[in-house]
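Here is a short note to read alongside the model.

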Amino acid sequence: DHDKTLSFGKHCSRMDSDNDDDNSLPAVDEEEEEEEEEWLADLRTMRQNWPDTTELCGRGAFNCIQAMTDEDWEELGRDISNNTHLSAVTLTRALNDQNMPLLFRG
């Protein structure tokens, strides 16, 4: 079931700009939020094997990447290996000793 691949997208937290009462949440840089939204859009099109999606770039600072489960990493690996148009995958500071084997196992 490939729908689970993108389920970690629901874990993305967006800080409500009108909510100034909760100072416990870190401020989300607008540029970083746009990059994270682009990451999610690219994941969707990559999963659907769209020819225009030839690169996938994500950063470990993205909430969505931080919230990925072991199953999400395996599913991402399967989706990448099944894609016929990707020429580059960049995961900056996103991989570690735990999730790298899961990504490549997929």
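1. Let us begin with how a surface patch is defined. Patches are made of residues with over 30% relative accessible area and no salt bridge, where like charges are joined within 9 Å and nonpolar side chains (Val, Leu, Ile, Met, Phe, Trp, Tyr) within 5 Å. Lys and Arg count as positive and Asp and Glu as negative, with His and the chain ends not counted; each charge is placed at NZ of Lys, CZ of Arg, CG of Asp or CD of Glu. Areas come from the Shrake-Rupley method with a 1.4 Å probe, and for residues only the protein chains shown count as cover.

2. Two notes on the source. This is a predicted model, in which local features need pLDDT of at least 70 and side-chain atom pairs count only at pLDDT 80 or more, while totals for chains, interfaces and linings use all residues. Residues are numbered from 1 along each chain as its sequence is written, and side-chain values use heavy atoms, leaving out hydrogens and water.

3. Now the overall plan. The chain has four helices and two strands, in the order α-β-α-α-β-α (DSSP runs numbered from the N terminus: helices are H or I with at least four residues, strands are E with at least two).

4. Look for the negative patch, where Asp29, Glu30, Glu31, Glu34 and Glu38 gather on the surface. Asp29 sits in the segment before helix H1 (30-47).

5. Met46 also deserves a look: this helix H1 residue is buried, at 1% relative accessibility (buried means under 20%, exposed over 50%, partly exposed in between, with a 1.4 Å probe and protein chains only). Beyond its neighbours within four places in sequence, Met46 has contacts (heavy atoms within 4.5 Å) that include Leu56, Leu76 and Ile80.

6. Next, the salt bridges (a side-chain nitrogen of Lys or Arg within 4 Å of a carboxyl oxygen of Asp or Glu); there are five. One of them pairs Glu32 with Arg59, at 3.8 Å between the closest N and O atoms. Because Glu32 is in helix H1 and Arg59 in strand E1 (residues 55-59), this pair ties together parts 27 residues apart in sequence.

7. Glu74 meets Arg105 at 2.9 Å, N to O, and Arg78 at 4.0 Å.
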